[in-house]
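This report goes through one protein model, from overall contacts to local backbone geometry. The sequence and structure come next.

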Amino acid sequence: MRRPRVARLLRRVLGGLATWLVVSPASSPPTAAASPGARTPIVLAGNGLGVAHFGAPARSVTGAISAELGSPTGRPPVGCVGGYTQVAWHDLIVQFRHGHFSGYRYWVSGSGSPSASASAVSPKLATAKGISLGSTFAQVKRRYRLTQTGTDFWKSHDGIVFALDSQSYPSPPRSPVYEIKSYGACPAAL
């Protein structure tokens with residue numbers, strides 16, 4: 001009876017190691033994904049999503065994200081020229097250019113107030129510093145060094161763009177974040 005359990009554990013370890021080898025850059029040390037029972041979470045970052053770094057092949061990235069979030073929920077049109085494709089997991093849209101991971105957009109879709117709609121967002125994701133959709137501008141400013149790149153767009157020093165829902169300029173501290181995306185996302189982040 002122990003054999004099936006050992007075989008399952010071995011498959012998990014080897015699967016995690018295979019994902020790490022394909023998705024992680026060669027210079028990175030092994031992560032928790034390579035150890036039994038541990039998985040790398042999806043984290044909104046300037047260099048990718050935690051389980052995948054920019055430049056990785058589309059198939060590897062889609063597999064790594066699907067392992068965490070389940071099957072993709074769609075393939076929305078990109079609206080950009082130049083070899084772009086997209087895969088969606090509800091409100092997370094992952095972009096590929098010429099078959100390689102090039103950006104992501106995590107946003108409050110649908111109508112209504114972004115702050116009210118953020119509670120219905122799926123999947124629930126955040127940056128390594130705990131910022132997610134619905135976080136306030138004040139929270140973002142406390143955790144990141146920012147540069148304003150548009151009226152309501154702010155870029156962190158590590159390449160994450162935060163879009164604010166604000167009816168006035170400058171954006172008040174209580175303005176909610178309605179989109180978090182990588183700087184290289186298409187359409188271009190401001």
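## Contacts and overall make-up

Of the contacts in the protein with a separation of 6 or more, 44% are between residues 24 or more positions apart; contact means heavy atoms within 4.5 Å. The model is predicted: local features need pLDDT of at least 70, side-chain atom pairs count only at pLDDT 80 or more, and totals for chains, interfaces and linings use all residues. Residues are numbered from 1 along each chain as its sequence is written, and side-chain values use heavy atoms, with hydrogens and water left out.

The protein has 4 helices and 7 strands, in the order α-α-β-β-β-α-α-β-β-β-β from the N terminus. Helices (H or I, at least four residues) and strands (E, at least two) are DSSP runs, numbered from the N terminus. Of the 190 residues, 42% are buried, where buried means under 20% relative accessible area, exposed over 50%, and partly exposed in between (1.4 Å probe, protein chains only). The accessible surface is about 10200 Å², and carbon and sulfur atoms hold 57% of that area; the areas come from the Shrake-Rupley method with a 1.4 Å probe, and for residues only the protein chains shown count as cover.

The 7 strands of an open sheet are ordered β1-β2-β3-β7-β6-β5-β4, with antiparallel pairing. Two strands pair if DSSP finds at least two bridges between them. From one strand to the next the twist averages 20°; axes are lines fitted to C-alpha atoms, for helices over the stretch in contact, and angles run from 0 to 180 degrees between N-to-C directions.

Helix α2 (residues 58–69) packs on the sheet and touches β1, β2 (92–97) and β3 (100–107), with its direction at about 165° to that of β2. Elsewhere in the sheet, β6 (residues 160–164) and β7 (residues 177–182) are joined by 5 bridges in the antiparallel sense, and Ile160 stands opposite Ser182 in β7.

## Nonpolar core

The largest nonpolar core has 32 residues, and those with the most contacts inside it include Leu49, Val61, Ile65 and Phe162. Such a core is a set of buried Ala, Val, Leu, Ile, Met, Phe, Trp, Tyr and Cys residues joined through side-chain atoms within 4.5 Å. At least two of its residues come from each of α2, β1, β2, β3, α4 (137–143), β6 and β7. Leaving out residues up to four places away in sequence, Ile65 touches Ile42, Leu49, Val51, Gly70, Trp89 and Val94.

## Disulfide

The protein has 1 disulfide, defined as a pair of cysteine sulfur atoms within 2.5 Å. The sulfur atoms of Cys80 and Cys186 are 1.5 Å apart, and the link is left-handed, with -115° about the S-S bond. Cys80 is in the loop between α2 and β1 and Cys186 in the segment after β7, so the pair ties together parts 106 residues apart in sequence. Cys186 is buried, at a relative accessible area of 7%.

## Local backbone geometry

Most residues other than glycine have a negative phi, and most peptide bonds are trans. Which peptide bond ending at Pro123 is cis? The bond from Ser122 to Pro123 is, with omega near -5°, and Pro123 lies in the loop between α3 (114–117) and α4. Tyr169 and Pro170 are also joined by a cis peptide bond, with omega about -5°; Pro170 is in the loop between β6 and β7.

His98, in the loop between β2 and β3, has a positive phi near 50° and is exposed, with a relative accessible area of 56%.
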